[in-house]
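Subject: Structure for your review

Hello,

Here is the structure I said I would pass on. My notes on it follow below; please read them alongside the coordinates.

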Amino acid sequence: MKYLPLIWATLWRKKIRTIFTLASIVIAFLLFGVLETVDAAFTHPNGGASGADKLITTNKYSITLSLPLADAQQIAGVSGVVAVTWITWFGGYYQESKNFIFAQPIDTASYFNVYKDELIVSDAAMQSFLETRTGALVDVALMKKFGWKVGDRLPLHSAIWTQKDGSLDWIFDIVGTLDAKDPAQASALSSTVLFHYEYFDEGRNFGKGDVGWFEERVADPAQSAEMSSRIDAVFANSPNETKTQPAKDFAMAFIKQYGDIGFVLRAILGAVFFTLLFLTGNTMMQSVKERIPELAVLKTLGFADGTVLMLVVGESMLLCVLAALVGLALSFAALPVIRGALQGVELSRDAWIPGLGIAVLLALVIAMPPGIRAMRLNIIDALADRH
Amino acid sequence: MTEPIVSLRHVVKRYVRGRQAVEVLQGLDLDIAPGEFVALMGPSGSGKTTLLNLIGGLDQPTSGELTVAGQRLERLGSGALSRWRARHVGFVFQFYNLMPMLTAQRNVELPLLLTSLPAAKRRANALAALTLVGIADRANHKPNELSGGQAQRVAIARALVADPTLLVCDEPTGDLDRKSADEVLHLLQELNRDFGKTIIMVTHDPKAAEFAGRRLHMDKGALLAAESAA
């Protein structure tokens, strides 16, 4: 600590250069914080309104291939399955494609049997939903986002499902709101609209009687793996073989349809830090080169080689860690914006630890070449400007 | 007889430049007693700065025995030599060599960072050293806010602050006008006379050398006749 004032003063020897270097590191860590947070959200998805006691059964070969609704009865008959319901991917958006809506056609009774302990729907809203064929229950956050009210008509455009008249536009009536008891799940629900499967199945002009996937609640979560095998065994060698997995695994598989997001994010970060390494490393080299006579004076005064190395490493560490902290803090400040852009994705602040780890590593790599040069400095040559 | 604080026996310093070996110091023998103020004079390339560097522990002899403050310097490794310098030698350079981003007080504190003194004590000692050289009122000024004479006083305070055994001065007045040079030389003389500091000073300036108690002349790596002050 006693060297801190000296290191701090040295860092600000050329203010403009230090400010630009700090800014470049801050931006890199801001990007790191944002991308790492998004990557973590995709790699470890919350699973929406699904807990550890939930299984999801899809077509064995692709989640884009449907399954017959009739399979529900066979799944319900598997020992250990407490409740089963079915959902189909609607692929909806509101007005513009950027306004993605996770609209799900549900079988009301079975759906709320599976999720009865997790969702909040008022009795009045539920009653109204049951009585309205075109009724829709809309997540409270989504209602607020678009300024919708109960009683509004809600037109949603489906990217997949045409109606009998060839239209892709479906009309719903908002009859109530939907919320989750767990705040983390509430975030995952934030773009959800639930509507009747019967209305959807009657209205669509293909795929009748089919569903996208089944969701099951099981009696014993510890038996999930065994239950999955048991369900899949029922449909083995049938025209519609299944793949059953825990809800969280399903969410991840769903996301991976879009490609390996983690790889893409890491490739971007790799390029950013590779460039940063050279830019900051070069700046640090230049800075130490300019200070060789001063470093020689320190050695003359009795500063040992190791102490001089420590001063250079300390300067680099202060620069990188300080900038990383600012960058990461800014990235966390940006979380609400990201959450708005990635509806339904739960974000965490876990980028702190890897972020600071990278900052320390970066500081060491940047400091080593000039630090070793400073350490090996010959005092006589340096004082005589022959370095 | 008092044990010399600096003792050289057959000291040779040889540099290899390209394929040629150049003998800068040719078997020097020299004793300097504690409390002496010695001026080293001679033309450029005579070897006086090399000799000063050896005595200050910045370099080591190629052969011979070099004992300073009771320590055989040619036997010390790099780390031990650094520690020895921090404890025993204060350096004053021609161009002051102060850290431009630190205040005068912080510059003077630098050698004390190598001690176990607490921060408050370091600050107090630095201020005391600045007071001793008559520049305490400039403690919070940076080097670029000081005149040449003031900057050299700060450098002398830095050299003194850890209470070294000897002061090694390389052309301390070489960058100063006559008036400032005389002030600095009077200061060195006071430090020698009143505080018993041993001072070894390289200079080209015969007037500066007159402030020393003994003047040594060098030429081509050898010591010529010595003369004492009248």
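The domain bounds used here come from an automatic or database domain assignment. For chain A of this predicted model, that assignment gives domain 1, made of 4–45 + 260–383, and domain 2, covering 54–258. The C-alpha centres of domain 1 of chain A and domain 2 of chain A are 46 Å apart.

On confidence, the predictor gives an ipTM of 0.92 and a pTM of 0.71 for the complex. Chain B has a mean pLDDT of 92, with 97% of its residues at 70 or more.

Contact between the chains

Chain A puts 18 residues into the contact and chain B puts in 20 residues. On the side of chain A that touches chain B, helix 1 (4–11), helix 12 (292–301) and helix 16 (379–383) of chain A supply at least two residues each. Helix 12 of chain A has the largest share of that side, with 5 residues.

Helix 11 of chain A

Helix 11 of chain A runs over residues 261–290, which is 30 residues. From first C-alpha to last, helix 11 of chain A reaches 43 Å, close to the 44 Å expected at 1.5 Å a residue. Its buried residues are A:Leu265, A:Leu276, A:Thr280, A:Met284, A:Ser287 and A:Val288.

In soluble globular proteins, nonpolar side chains tend to be buried together. The largest nonpolar core here has 115 residues, and those that touch the most other members are A:Phe29, B:Leu40, B:Ala155, B:Ala157, B:Val168 and B:Ile200. Helix 13 of chain A (residues 305–333) gives the most to this core, 9 residues. Another core, of 31 residues, lies apart from it and includes A:Tyr94, A:Ile106, A:Leu194 and A:Phe195.

As for B:Val168, what is it in contact with, leaving aside its neighbours within four places in sequence? The list is B:Leu52, B:Ile55, B:Gly56, B:Val89, B:Phe91 and B:Ile200.

A sheet in chain B

Chain B has an open sheet of 4 strands in the order 2-1-4-5, with antiparallel pairing. Its edge strands are strand 2 (20–32) and strand 5 (71–72) of chain B, each of which pairs on one side only. Strand 1 (residues 6–17) and strand 2 of chain B run antiparallel and are joined by 10 bridges. B:Arg14 has B:Glu23, in strand 2 of chain B, as its bridge partner.

Regards

Methods
Residues numbered from 1 in each chain as written. Chains lettered and ligands numbered in written order. Predicted model: local features only at pLDDT ≥ 70, side-chain atom pairs only at ≥ 80, totals over all residues. Expected span 1.5 Å × (residues − 1). Buried ≥ 20, exposed ≤ 12 C-beta atoms within 10 Å, placed from the backbone. Core = buried A, V, L, I, M, F, W, Y, C linked by C-beta atoms within 7 Å. Contact = placed C-beta atoms within 7 Å. Pairing = 2+ DSSP bridges. pLDDT = per-residue confidence, 0-100.
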